2 protein chains.
Amino acid sequence: MILVNGECREHIEVSDRGFQYGDGLFETIAVINGRPVFFDRHLDRLKAGCHRLYIPFPGSELLSFEAQKLSRHANNAVLKLILTRGSGGRGYRQPELIEATRVLSTHPFPDYPGSYKEQGIVARFCDTRLGLNPVLAGIKHLNRLEQVLARSEWTDSGIQEGIMLDMNEHVIEGTMTNLFYIKKGVLYTSSLSFSGVAGIMRGIILVLSHDHGIAVIERTFTKDELLLADEIFVCNSIVGIWPVKQIAKKRFPAGAGTRQLQVWLAQFQHEAIRGGQ
Amino acid sequence: MILVNGECREHIEVSDRGFQYGDGLFETIAVINGRPVFFDRHLDRLKAGCHRLYIPFPGSELLSFEAQKLSRHANNAVLKLILTRGSGGRGYRQPELIEATRVLSTHPFPDYPGSYKEQGIVARFCDTRLGLNPVLAGIKHLNRLEQVLARSEWTDSGIQEGIMLDMNEHVIEGTMTNLFYIKKGVLYTSSLSFSGVAGIMRGIILVLSHDHGIAVIERTFTKDELLLADEIFVCNSIVGIWPVKQIAKKRFPAGAGTRQLQVWLAQFQHEAIRGGQ
């Protein structure tokens with residue numbers, strides 16, 4: 001089911017700037033028992049993205065209303081929310097009056113095997129590099145060709161995620177996940193000043209680590225530093241936390257630190273769902 | 001008038017990857033006397049872009065047929081051709097069988113004053129930087145947020161173009177044009193290995209310069225080097241060549257070198273239109 005500006009339809013105008021230029025933002029939200037999970041956090045990030053791109057935010061109430069309208073028909077599902085600058089303007093120049101287009105759609109929850117969460121996944125390093133751009137770094141915008149090209153590098157179903165480096169050979173994230181590693185009890189994840197998406201699940205893991213007194217360092221690091229990690233995991237709003245059991249033939253344990261974060265996340269998510277967040 | 005996969009309609013599917021991820025390419029083509037100008041060159045660039053993004057090229061004959069169908073109703077117009085990876089796939093992962101979506105549309109020819117071509121335009125330096133990404137550099141893909149943000153930096157109608165630098169402070173191009181400068185009879189333009197669009201008009205100017213024995217140097221250069229130029233001009237398929245008469249309070253003449261290229265271009269274009277190219 002798809003809602004375009006509140007109406008049930010499956011099409012958008014060719015003139016929409018989302019189609020013409022990728023001029024917009026999106027959120028990918030887990031729906032559990034008919035309710036969007038961490039929806040407030042997704043709205044906060046969307047609002048921050050609107051601020052960065054000068055797209056008027058349609059308001060939390062309207063988006064919540066439409067999200068609930070779609071989600072209540074689903075049991076477990078994925079809710080995708082796209083917000084574009086709408087139609088109009090002249091070439092790249094935006095119209096004086098921006099009327100954002102909002103598109104909400106639900107999709108089946110992906111049927112990943114339970115082993116991904118328990119024993120971990122196999123990852124590879126992608127050749128496609130993330131460009132460097134501080135203006136776009138962090139936000140979840142619609143310009144996603146880098147991820148599409150990175151994901152097209154492999155078809156082997158034994159590999160679940162590709163790890164992307166930036167132009168400076170820093171490890172940044174997975175094609176659809178953020179990445180963390182643990183070394184001597186300290187949690188590391190890439191800073192996202194020049195590329196990458198500041199994932200909702202990444203943000204929650206930073207909060208959980210802080211609350212439980214785990215030291216976290218956000219900084220750039222290389223492939224070689226990553227491969228010296230004690231544990232590695234990736235995360236996003238749909239899969240939660242997946243340990244990485246192997247990258248580039250090197251094996252890693254789904255260790256105690258990752259397990260502990262999975263437990264804290266499950267509790268945190270349970271409370272959020274109960275609290276209606 | 002809009003043709004989507006050969007049918008008259010104004011909508012595309014929400015699921016189209018052009019809308020979801022900016023997963024596609026486009027061409028902006030001048031139509032003069034009902035005929036698309038330099039169409040073969042546009043098709044060649046589109047084909048090169050398809051090769052880079054692994055999108056199947058729909059074939060020159062089909063695209064020519066549809067372009068002519070639209071153009072013959074227009075006298076002078078702009079023809080926009082968008083080609084996307086179509087619908088399907090799972091997230092960023094592309095479908096096994098890609099059925100590209102093609103969208104052709106005509107738009108009124110912009111009513112720029114003749115003075116832009118004759119006396120020149122006023123330009124400014126943009127704050128928005130172009131990201132660095134060799135995989136996407138040169139092709140005219142649909143991930144255009146950088147240009148949208150750069151174009152949103154000014155509303156002063158006395159300024160006609162914004163000049164964009166990359167993350168390394170190299171001058172690359174205008175928001176909707178390529179840029180050249182002339183110094184001591186030599187023509188300079190930025191290399192496009194890490195960012196920028198390899199414009200059709202840029203390519204023609206390189207050919208014309210070569211044919212007429214003008215030395216051309218393609219390399220990176222700074223803002224300071226640009227401001228020491230004897231002449232500066234910008235170009236694209238719709239406006240041809242516009243001298244730049246002023247950037248950042250510094251004035252430049254619409255000099256003999258730029259004039260000469262305008263004359264050669266007019267002849268070349270005239271022959272192309274007569275030859276049906």
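Visitor: How many residues does the contact take from chain A and from chain B?
Guide: This is a predicted model: local features need pLDDT of at least 70, side-chain atom pairs count only at pLDDT 80 or more, and totals for chains, interfaces and linings use all residues. Residues are numbered from 1 along each chain as its sequence is written, while chains are lettered from A and ligands numbered from 1 in the order in which they are written. Two residues are in contact if their C-beta atoms, placed from the backbone, lie within 7 Å. The contact takes 40 residues from chain A and 40 residues from chain B.

Visitor: Which element gives the largest share of the side of chain A that touches chain B?
Guide: Helices (H or I, at least four residues) and strands (E, at least two) are DSSP runs, numbered from the N terminus. E1, strand E3 (11–13), helix H1 (17–21), E7 and helix H5 (145–151) of chain A each supply at least two residues of this side. The largest share is six residues, and they come from H5(A).

Visitor: How many nonpolar residues does that side of chain A have?
Guide: Ala, Val, Leu, Ile, Met, Phe, Trp, Tyr, Cys and Pro count as nonpolar, Asp, Glu, Lys and Arg as charged, and the others, Gly among them, as polar. The side of chain A that touches chain B has 14 polar and eight charged residues. Its nonpolar residues number 18.

Visitor: Which residue of E3(B) stands opposite A:Glu13?
Guide: E3(A) and E3(B) pair in the antiparallel sense over three bridges (strands pair if DSSP finds at least two bridges between them). Opposite A:Glu13 stands B:His11.

Visitor: Which strands are the edge strands of the sheet in chain A?
Guide: Six strands form an open sheet in the order E2-E1-E7-E6-E4-E5 (chain A), with antiparallel pairing. An edge strand here pairs on one side only. In chain A these are strand E2 (7–8) and strand E5 (35–36).

Visitor: At about what angle to E7(A) does helix H3 of chain A run?
Guide: Helix H3 (residues 60–71) of chain A lies across strand E1 (2–4), E4, E5, E6 and strand E7 (101–108) of chain A. Axes are lines fitted to C-alpha atoms, for helices over the stretch in contact, and angles run from 0 to 180 degrees between N-to-C directions. For H3 and E7(A) the angle is about 25°.

Visitor: How does H6(B) lie to H8(B)?
Guide: Helix H6 (residues 200–211) and helix H8 (residues 256–275) of chain B have axes that come within 10 Å and cross at roughly 105°. Because 65 to 115 degrees counts as roughly perpendicular (under 35 is roughly parallel, over 145 roughly antiparallel, the rest oblique), H6(B) lies to H8(B) roughly perpendicular.

Visitor: What separates the centres of the two domains of chain A?
Guide: Chain A is divided into domain 1 (2–108) and domain 2 (115–275), with bounds from an automatic or database domain assignment. Taken over C-alpha atoms, their centres are separated by 25 Å.
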